[in-house]
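Me: I would like to go through this model feature by feature. Please give the general idea each time, then the case at hand.

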Amino acid sequence: MNLLTSSMLTAMFILLLPIITSNTQLYKSNLYPHYVKTTISYAFTISMIPVMMFISSGQEMTISNWCWLSIQTLKLSLSFKLDYFSIIFIPVALFVTWSIMEFSMWYMHTDPYINQFFKYLLMFLITMMILVTANNLFQLFIGWEGVGIMSFLLIGWWYGRADANTAALQAILYNRIGDVGFIMAMAWFLTNLNAWNLQQIFITQHESLNMPLLGLLLAATGKSAQFGLHPWLPSAMEGPTPVSALLHSSTMVVAGVFLLIRFHPLMEQNKAMQTLTLCLGAITTLFTAICALTQNDIKKIVAFSTSSQLGLMIVTIGINQPYLAFLHICTHAFFKAMLFMCSGSIIHSLNDEQDIRKMGGLYKPMPFTTTSLIIGSLALTGMPFLTGFYSKDLIIETANTSYTNAWALLVTLIATSLTAAYSTRIMFFALLGQPRFNSLSPINENNPHLINSIKRLLIGSIFAGYLISHNIPPTTIPQMTMPCHLKLTALAMTIMGFILALELNLVAKNLKFKYPSNLFKFSNLLGYFPIVIHRLPSMMSLTMSQKSASMLLDMIWLENVLPKSISHFQMKMSTAVSNQKGLVKLYFLSFMITLTLSLLLLSFHE
Amino acid sequence: MSMVYVNIFLAFIVSLMGLLMYRSHLMSSLLCLEGMMLSLFIMMTMAVLNNHFTLASMTPIILLVFAACEAALGLSLLVMVSNTYGTDYVQNLNLLQC
């Protein structure tokens, strides 16, 4: 029993060591990245011990160490909840991070601040661990904000570039809107249930939990880039590729989904919230899949793919299957991180070219990257018996056989076929055909750091689904019997997507480019959402405040209403009613003529 | 009537013509106003003295007082106009023209 506690806390503490030693001489040497990478690999190995214990005996644990503060009747202590979700997520996250660290030793090799980069990545990982193992909402919020801050610092890594700064700011702002929901949920729990720790929240009975669940849903919308708060995720591709691989595919963006999964006992009873979650996830997955179809930047396509898969996870929560959503989180981390790393390899080899219209014909020069890109895409689309199959196919099957919203189901199926479509697009444009890049590009994938890291994730992408799903304790029973056509739906949609996309790409390869249709423009400009939402509300609020402060108060009430209006009115009225024109001499002349005339008339009258 | 009254009456008429028919300066109309007041004063004094109308002996004095007030008023108006425009040309009085 003690082994679980001590090994998990040792693994956590090992992660802190490079941060603590960052003031010493080690930080300034060029061995620091290697040190961080080996630290994470050791932490991964040690954290496998709790996983083995959990698999063999199902042991969960809650560690509550240190009483932090007591505010009247609320006691906050440092407590770690090591249950099914955190024990399985931590090794997965550490494995993926280990590979990404090794990859970024190759990718960021020429960066002068590479030590700081590794420190930031490590700090991000630590805050993600805090988020995942938190037992009370306060600690979770610490981790939540921590990942947001590290995301800001890492997206704006190349801060000399204006686009990177706006993207980092966008990430912070959109996450902040979601945090409002989180704080609302915290406040509700504090005032109504007097607790911030999960055990008490799940036990206490309350008649209507709509308000905090809405808050948590808003928090998940912000952090996991659901529709409405989604534009920050494609903009976050301004950061370096390791950042995109770690934060915006495997770890940070699943924090929102993880939050909803943590609160699944509350969501089980609330049908309204489940419907809302389902519809939100369905909209997200379809919209981002549509947007991914016509993007030209390879990282943006993968970012939209992430967003679409996140929508799928939210859909899974909406059909009351939190364990399947968690399984999808774990399997998705492998192949998505690998997809990002492959695109990083392609980008660096083509001398920082990110536009897929200027790639092509990399099939022969970069065989290893090609292999892993194809296997990653196949795993993403749910090819049978690769990693993605074990979670994605189960999700689609459960959605098909559950009593759910038919529109959401249809939309999810369409998004599944679109997933295959844009994956085909990536593979077709980047790998196949004749080369469209400059001829003197230094195409080289010989570095062992690159090869080993992608190789590890490749093995994970192929086998991890099988290994995880066959070793976890039984959770909600998946649907075992269903009609044949429902069972084959996911596969049929995927194959249809592949074939359609391949045919369209091959047919359109030599056609003349017409002017873009309206649908193309809608898809390419992200549904006009960022264009409208970034400008319209801010312009409206600024003009409203300007009008009310300056026009209304100053110019109308203080200036125009009484003083100027009175003078203006008087002048208008006087010119209207007066018929005097100031022609003094004429008036006098007429006076005199009248006098003489009257004198003459009266004197010569009989 | 006797020739004296006709003479004074003619002086009044001439001053009235001068008041009503001035060319450019406002001062000339004020001067003619003074001329009118002067001729009225003389006429009144002559009438009172010739008819031994003793009870009305103070009317010339009262007329003189009122003439002085009126001259002061006229001069103040002239000063106002002259302050605004620098001269007292009558074509400056055109503010009400639209």
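Me: Is K487(A) buried, partly exposed or exposed, and what is its relative accessible area?

Reply: This is a predicted model. Relative accessible area under 20% is read as buried and over 50% as exposed, with partly exposed in between. K487(A) has 39%, so it is partly exposed.

Me: Which side chain does K487(A) meet in a salt bridge?

Reply: Side chains of opposite charge can pair when their charged atoms come close. Here K487(A) meets E397(A), with 2.7 Å from N to O. E397(A) belongs to helix α18 (residues 387–401) of chain A and K487(A) to helix α21 (residues 484–487) of chain A, so the pair ties together parts 90 residues apart in sequence.

Me: Which residue forms a salt bridge with R262(A), and how far apart are the closest N and O atoms?

Reply: The partner of R262(A) is D83(A), and the closest N and O atoms are 3.0 Å apart.

Me: What should I read from the pair D163(A) and R161(A)?

Reply: D163(A) and R161(A) form a salt bridge, with 3.5 Å between the closest N and O atoms. On the accessibility scale, D163(A) is at 42% and therefore partly exposed. R161(A), at 44%, also falls in the partly exposed class.

Me: Which residues are linked in a network of salt bridges, and how many salt bridges are there over all chains?

Reply: The network links E145(A), R176(A) and D179(A). Over all chains the count is 9 salt bridges.

Me: How many helices and strands does chain A have?

Reply: Chain A has 25 helices and 2 strands. Its radius of gyration is 33 Å, well over the 25 Å that the globule rule gives for 606 residues, so chain A is more spread out than a compact globule. Along the principal axes, the C-alpha atoms of chain A fill a box of roughly 145 × 70 × 65 Å.

Me: Where is I533(A) found?

Reply: I533(A) is in helix α24 (residues 529–577) of chain A. Its relative accessible area is 36%, which means partly exposed. The C-alpha atom of I533(A) is 41 Å from that of K37(A), a residue 496 positions away along the chain.

Me: Which domain does UniProt list for residues 134–417 of chain A?

Reply: The unreviewed UniProt entry lists "NADH:quinone oxidoreductase/Mrp antiporter transmembrane" for residues 134–417 of chain A. In the model, that span is 75% helix and 0% strand, with its end C-alpha atoms 37 Å apart.

Me: Which residues of chain B does UniProt list as "transmembrane region"?

Reply: The unreviewed entry lists residues 6–22, 29–49 and 61–81 of chain B. Residues 6–22 of chain B are 88% helix and 0% strand, and the end C-alpha atoms lie 24 Å apart. For residues 29–49 of chain B, the values are 100% helix, 0% strand and 30 Å between the end C-alpha atoms.

Note on methods. Residues numbered from 1 in each chain as written. Chains lettered and ligands numbered in written order. Predicted model: local features only at pLDDT ≥ 70, side-chain atom pairs only at ≥ 80, totals over all residues. Heavy atoms only, no water. UniProt positions renumbered as here; feature names shortened; annotations may be inferred. Helix = DSSP H or I, 4+ residues; strand = E, 2+ residues; numbered from the N terminus. Salt bridge = Lys/Arg side-chain N within 4 Å of Asp/Glu carboxyl O. Buried < 20%, exposed > 50% of the residue type's maximum accessible area, 1.4 Å probe, protein only. Rg over C-alpha atoms; globule rule 2.2 N^0.38 Å.
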